[in-house]
Amino acid sequence: MIKLNFPAYSFRFKNNENKVSIFDEIRKKFIILTPEEWVRQHVVHFLMHEKKYPKSLINVEKVLTVNGLRKRYDVVVFNPDGTIHILVECKAPEVKISQATFDQIARYNMTMQARFLNVTNGLNHFYCQMDFENEKYEFLRSLPDYKENH
């Protein structure tokens, strides 16, 4: 796997029938290592170690229903009250992140109401804060650190 634009984290790997798996601390199991999973695991570690979000508030590969459609989110960070704080969309490193990618997650988020969005391919990270009143978003340099009382 290629080096991503994240701090170095130590991961647990397992090799089974010529397939490499990586341990997911959130799902508590080994997951087949794909380029997108490599990015997702870095995001989870980034949220826990750099941004200090408790593991209990992070969910991975969550299926949510948006306007009657089932949509899978790569990483969701909840607020303690169960509302969604951060929505993360992970792409494989070779996937270029475009305005369309961002517009899509922002559209889905009109229903989800996450305050912050993060779209990353592991090399380029884009963060934004939602302004629901004006139906737009503002780009940020990074995601906010975890605070006990949001």
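I started with the largest nonpolar core, which has 27 residues. For me a core is a set of buried Ala, Val, Leu, Ile, Met, Phe, Trp, Tyr and Cys residues joined through side-chain atoms within 4.5 Å; buried is under 20% relative accessible area, exposed over 50%, partly exposed in between (1.4 Å probe, protein chains only). Val43, Leu47, Tyr53, Ile58, Val75 and Ile86 have the most contacts inside it. H1, E4, E5 and E6 are the elements that give two or more residues to this core, and H1 gives the largest share, seven residues. I also found a second, separate core of 18 residues, with Ile84, Ala106, Met112 and Tyr137 among them.

Ground rules for myself: this is a predicted model, so local features need pLDDT of at least 70 and side-chain atom pairs count only at pLDDT 80 or more, while totals for chains, interfaces and linings use all residues. Residues are numbered from 1 along each chain as its sequence is written, and side-chain values use heavy atoms, with hydrogens and water left out.

Next, the sheet. Helices (H or I, at least four residues) and strands (E, at least two) are DSSP runs numbered from the N terminus, and two strands pair if DSSP finds at least two bridges between them. I get an open sheet of six strands, ordered E4-E5-E6-E7-E8-E9, with mixed pairing. E4 (58–66) and E9 (136–140) are the edges; each has a single partner strand, so one side of each is left without a neighbour in the sheet. E8 (residues 125–131) and E9 run antiparallel, joined by five bridges, and Cys128 stands opposite Phe139 in E9.

Then the helices. H1 (residues 35–50) packs on the sheet and touches E4, E5, E6, E7 and E8; contact means heavy atoms within 4.5 Å. Its direction makes about 35° with that of E5, using lines fitted to C-alpha atoms (for helices over the stretch in contact) and angles from 0 to 180 degrees between N-to-C directions. H2 (residues 99–112) lies across E4, E5, E6, E7, E8 and E9, at about 150° to E7.

Last, the rings. I count 11 aromatic pairs, taking Phe, Tyr and Trp (its six-membered ring) with centres within 6.5 Å; planes under 30 degrees apart are stacked, over 60 edge-to-face, the rest tilted. Phe102 and Tyr137 make a tilted pair, 5.3 Å centre to centre with 35° between the planes. Phe102 lies in H2 and Tyr137 in E9, so the pair ties together parts 35 residues apart in sequence. Both Phe102 and Tyr137 are buried.
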